[in-house]
Amino acid sequence: MNSNSETLCVPTKTVLLGSIYHETNTFAPGYTTREDFQDHKEYFGDEIIEEFHGTNTEIGGIINLAEQSNINLFLSLSVSAMPGATIARDTFDFYQEKLLSDIRQHKNELDGVILPLHGAMVVEGLQDGEGVLISNIREIIEDHVPIIVTLDLHGNITDKLVHHADALIAYETYPHIDKAKTGKRGLDCLLQIIHGEIIPVMSIERPPLSPVTPTQNTREGPMAEVMEFARKLEEQDSIVKVNVLPGFSRSDVPAMGFSVPVVADDDLEAAKNASRDLAEMVWEMHEEFVMDFPTPPEAVSEAIDYIEGSTGSTDPVVLADVGDNPGGGGTADGTAVLRELIEQGADNTGVAIIRDPAVVESCIQSGVGKKVTVTLGGKTDDRHGEPIVDLDGYVKTITDGKFLNYGPKSTGAKNDMGRTVLLECQQKNDVQIIVTEKRLQPADTEIWRHVGTQPERFDILLVKSTNHFRADYEPRASRVIPVNSPGLAAMDPRQFNHRNLKRQIYPICEEDEIQYPN
């Protein structure tokens, strides 16, 4: 992509963009392979423009600012797979070599490098995927070419990443509605470095905490307060960026947990003080980050009671099936909450999603308008509930599973769930289930419209998500109930057996075992 303009007198700068993006759940079995990346998003060169231009994504934001700033943007690759198992080494090596090869070929032309990464990428034999990647890039371009890394706030940030990057720029929101803004912030920071306007230095502090995931919602509660303080710290003259990352507890790596990397302009002491001040604030609030949430039976009962106690029409109650969130590595075929909805007689209920390719195939073979009896869900492993057997249903809709996001998160981005069926249960109650071939976090309400119904018409909606759904669902909801459900994306870090932690972290360790601040 060339953003040259003869009317601009400022010399064009060349920036290389490359992205290998994955949130790795090391507790998930097997490996994430190139096939998984190809099945999700794998783009090279100009394909990146076609896919991301105008979208609320990091790359969309970078492209937009590059066009405005007379930047020659060299596009290497952008690949991502659904959050899941450790990346196979040969897959990582393939993508890394493509990126390194482009950098070697063009290193004498480059003024800077920008890397939209996740921060929680784990590779077979490598616990710090991003750190290894950026250190290998640094060997090629050396220190005179600045590197900016944009990050998901669920990154587990290592010293290696801090050491080799010139600056880290993380999301400020969860739900992540500021992706494009983050990309723009990253490129803007890179351009300031290129033009000699700032000399970035970084310091990182790690409060010994791994929050229960629903408490990481930046719209309210402790994370909202922490983010407000981070923005206040950025008002200091020398502070460039205060990053707040609660981490990703489903990665069993030494760096797992909360981190506060701060970027300052040629003032390391200011970076250290800001990082320490915010980390100590987080620790003072640590009990607020570890809350109890209702189990599936409790949550469904609460939702039904709320609907039955409401007078007149009401907006839907939204249940969040946190433990089976595919956006955290969940299998998306968990049945624990769905089973409760059926057994407790929830009526006028919509469920997104159950991934079950066999049921999709059976429904397609039967056809729209036909009745089927299926065994639904619970087929991937024994962590997400048992299959629901002899479930009578009616095939309402069959689609190709493709739709665009129109909500605030990743606006304009494409989704592909594979062939998809809207299955209406023929039990005593009305439960409609979106059944898919592929995993997808149903964070955008367009998922309902694409199967021919409106989410607002339901009394209860069940979505396999932790917080991202809030951006588009919460304005339509009368109540939101996060469910402490089982699965690979379970909300509480104590539900996983971490073997690689090198420090004591609350609540995995008891509070009296932890000395902080030291």
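## Basis of the description

Helices (H or I, at least four residues) and strands (E, at least two) are DSSP runs, numbered from the N terminus. The model is a predicted one, in which local features need pLDDT of at least 70 and side-chain atom pairs count only at pLDDT 80 or more, while totals for chains, interfaces and linings use all residues. Residues are numbered from 1 along each chain as its sequence is written, and side-chain values use heavy atoms, with hydrogens and water left out.

The protein chain is divided into domain 1 (14-289) and domain 2 (296-491), with bounds that come from an automatic or database domain assignment. Taken over C-alpha atoms, the centres of the two domains are separated by 31 Å. To the contact, defined by heavy atoms within 4.5 Å, domain 1 gives 28 residues and domain 2 gives 28 residues.

Domain 1 and domain 2 bury about 2,200 Å² between them, and 50% of this lies on carbon and sulfur atoms; buried area here is the accessible area (1.4 Å probe) that two parts lose on being put together, summed over both.

## Helix α4

Helix α4 (residues 89-106) has 18 residues, which at 1.5 Å a residue should span 26 Å, and its end C-alpha atoms are 26 Å apart, which agrees; the expected span is 1.5 Å times one less than the number of residues. Buried residues (under 20% relative accessible area, with exposed meaning over 50% and partly exposed in between, for a 1.4 Å probe and protein chains only) in α4 are T91, F92, Y95, Q96, L99, L100, D102, I103 and H106. They cover an arc of only 155° around the axis, which puts them on the same side of α4, the arc being that of the directions from the helix axis to the C-beta atoms.

The face of α4 turned away from this buried side carries the exposed residues D90 and Q105. Among the elements that cover the buried residues of α4 are β1 (13-21), β3 (71-80) and α5 (129-141).

## Helix α10

The 14 residues of helix α10 (residues 296-309) should span 20 Å at 1.5 Å a residue, and the end C-alpha atoms of α10 are 20 Å apart, which agrees. In α10 the buried residues are P296, A299, V300, A303, I304 and I307. They cover an arc of only 130° around the axis, which puts them on the same side of α10.

On the other side of α10, E308 and G309 are exposed, whereas the cover over its buried residues includes β10, α11, β18 (460-463) and β19.

## Nonpolar cores

A nonpolar core is a set of buried Ala, Val, Leu, Ile, Met, Phe, Trp, Tyr and Cys residues joined through side-chain atoms within 4.5 Å. The largest one has 64 residues, of which L115, I137, V149, L168 and L187 touch the most other members. A second, separate core of 56 residues includes M223, V244, A332 and V463.

## Backbone details

A332 has a positive phi of about 70° although it is not a glycine, and it is found in the loop between β10 (317-321) and α11 (336-343), where A332 is buried with a relative accessible area of 0%. D266, also not a glycine, has a positive phi of about 55°; D266 is found in the loop between β9 (260-265) and α9 (268-284) and is exposed, with a relative accessible area of 53%.

A cis peptide bond with omega of about 5° joins A352 and I353, and I353 is found in strand β11 (residues 349-355). Y516 and P517 are also joined by a cis peptide bond, with omega of about -5°, and P517 lies in the segment after β19 (479-483).
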